[in-house]
Amino acid sequence: MNSSHTTRTAVPSRRISTRDLAFAGMIAAILAIISQISVPMPTGVPITIQVFGITLIGVAFGWRLGLYGSLVYILLGAVGLPIFANFRGGFSVLVDLTGGYIWSWPVMALLCGLQIKSENKKLETASIFLFSFIGLAINETAGGLQWAALAGDMSVWGVFVYSMTAFIPKDIVLTILAVIFGIQIRKTLNRAGITR
């Protein structure tokens, strides 16, 4: 029996266009600005709102542009532009204490940009939150593991306990806010034909 209430995950297939590249550059610029809202910490891993930026661009622009934009941001930072947190740049940042968080951003942006297309709007919204929290979990895990591997004075458990107090509660709130704002921005972009 056929049903009009089918669901599918929105993952379109198309080639990279000039417009995609232009938006990727704009997204990288947004991430560069957001990354400078940072509070240095004695541990060497600053408190930032970068999770908000990654979630926002993924939800607002969709998985393709979110993925491209985060990759462009990482590449520009890796070649030396001072766009990482606290105006740092260079490949050394990616292999330092905070590198694991940055490496996971393309995956997180991609996941935040996914949603289940359905006539049930509550299901669509719930899917965005679900994918975004999976992305956040990957981000926290990748970042924490690299941090623990490079910080000789902190074990994986020590990083986990510290993150649970200094980072994760804040990042959960930031992710929720970014999804809420991102959904509204995406609706506007959809009406303008920028995303689909």
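**Glu124 and the overall fold**

Glu124 is found in helix H6, which covers residues 121-150. Helices (H or I, at least four residues) and strands (E, at least two) are DSSP runs numbered from the N terminus. The model is predicted: local features need pLDDT of at least 70, side-chain atom pairs count only at pLDDT 80 or more, and totals for chains, interfaces and linings use all residues. Residues are numbered from 1 along each chain as its sequence is written, and side-chain values use heavy atoms, without hydrogens and water.

Glu124 is buried, at a relative accessible area of 11%. Buried denotes under 20% relative accessible area (1.4 Å probe, protein chains only). A polar atom of the Glu124 side chain lies 3.0 Å from the backbone nitrogen of Ser118. Neighbours within four places in sequence aside, Glu124 is in contact (heavy atoms within 4.5 Å) with Gln115, Ile116, Lys117 and Ser118.

The protein chain holds eight helices and four strands. From the N terminus on, their order is β-α-β-β-α-α-α-α-β-α-α-α. The C-alpha trace spans about 60 × 35 × 25 Å along its principal axes.

Buried residues make up 48% of the 196 residues in the protein chain. Of the contacts with a separation of 6 or more, 70% join residues 24 or more positions apart.

Terms used:
Buried < 20%, exposed > 50% of the residue type's maximum accessible area, 1.4 Å probe, protein only. Polar contact = N/O pair within 3.5 Å; in protein donor to acceptor, adjacent residues only side chain to side chain.
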